[in-house]
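Here are my notes on this model, point by point. Please read them with the coordinates open.

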Amino acid sequence: MVSQTPWYLGSAIIKASSKSSTEATEALYLHDATLRDLTTEVISSRSITSLSEEEQGLAKNVPVENFVVTMRQTIFYAQGGGQPSDTGTIRSEQPATFEVTLVRKTPDGRYLHFGKYSDTPFTAGRQVVQRIDGSKRDYHSRLHTAGHIVGLAMQLLMPEKKKVKANHFPREASMEYEGLLYNEDKPTIQGKVDELVRQDLAIQISWVEGEEGEEGRSHDGRTRIASIGGLDHNPCGGTHVPRTGMVGSIVIRKISRQKGISRVSYDVSPGIEG
Ligand SMILES: [Zn+2]
């Protein structure tokens, strides 16, 4: 049913549900990336200093006076797999808004929402409404999906080139491959990327039993697979747009080389979603 491919995009920890741990957060965006609001329940609200050293290490640049909120479910993407986290707000009926600046996932599947309160911190059990920054999510999804498209173009053009790294951060987006690529390869890659966008292929998400590849790190024995038009097969925990045409134009910015690794830098136009 699925073909073996020599590379996969991203290294986000992939988890289907919280069946193994009562504390694990149910990550709803993995199943429905269109969610922008969600009502859920607070599990905990803690100061950053009360976190374990390992958990504090997940958020090095967050001010120490900030807080961390965990909830039963989340629609916030946690930074990983080369994609930045969502930002947004969490509100309750009490006059408090929690502004989420960073989301990270712990190895045991809890989503830590880092940020600051406008008022009194939430208490456990409180009902809250999550809202993510939709235009930022859309932009990140387009950048991430563009990475898959560049990857598929490379796979179709140069199947022998092994992908070693992916980065889908704004202004840094790139895919890295073993071996040497040159500026002369740029028009060829650009042409194939343009063709894949023009074809408006569907991005399909599926779940398979078992762990895929060396870095397949699903916790419950299932792995999330992203595929473009059925042409490739990549374990991936990121967020995508539904069709390649929705990415808009992708520009192959430059090709650079270092120590036998070639980097294909790319970009998409920001704010195309309005
Ligand atoms: Zn992906």
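**Notes on rings, metal site and sheet**

1. Y111 is buried, with a relative accessible area of 2%. Buried here means under 20% relative accessible area, exposed over 50%, and partly exposed in between (1.4 Å probe, protein chains only). Y29 also counts as buried, at 3% relative accessibility.

2. A word on the basis. This is a predicted model: local features need pLDDT of at least 70, side-chain atom pairs count only at pLDDT 80 or more, and totals for chains, interfaces and linings use all residues. Residues are numbered from 1 along each chain as its sequence is written, and side-chain values use heavy atoms, with hydrogens and water left out.

3. Six aromatic pairs occur in the structure. Rings of Phe, Tyr and Trp (its six-membered ring) pair if their centres lie within 6.5 Å; planes under 30 degrees apart are stacked, over 60 edge-to-face, the rest tilted. Y29 and Y77 have ring centres 5.3 Å apart and planes at 70°, so they are edge-to-face. Y29 sits in the loop between β1 (26–27) and β2 (37–47), and Y77 in the loop between β4 (73–74) and β5 (88–91), so this pair ties together parts 48 residues apart in sequence. Both Y29 and Y77 are buried.

4. Y29 also pairs with Y111: the centres are 6.2 Å apart and the planes at 70°, so this pair is edge-to-face. Y111 belongs to strand β7 (residues 111–117), so the link to the Y29 loop spans 82 residues in sequence. Helices (H or I, at least four residues) and strands (E, at least two) are DSSP runs, numbered from the N terminus.

5. Elsewhere, ring pairs join F67, F98, Y117 and F122 into a cluster.

6. Which atoms hold the zinc ion? The protein donors are H144 (NE2), H148 (NE2), C236 (SG) and H240 (NE2), at 2.0 to 2.2 Å. Donors are N, O and S atoms within 2.8 Å of the metal (3.2 Å for Na, K and Ca); water is not among the atoms, so sites may look incomplete. The donor spacing along the chain is H-x3-H-x87-C-x3-H. C236 and H240 are buried.

7. The four donor atoms subtend angles of 99 to 123° around the zinc ion, which makes the arrangement tetrahedral. Four donors qualify if all angles lie between 85 and 135 degrees.

8. An open sheet of three strands runs β11-β12-β13, with antiparallel pairing. Its edge strands are β11 (203–209) and β13 (234–235). Two strands pair if DSSP finds at least two bridges between them. β12 (residues 222–228) and β13 have two bridges. A226 stands opposite N234 in β13.

Note on methods
Tetrahedral: all angles 85-135°; square planar, octahedral: opposite > 155°, others 65-115°.
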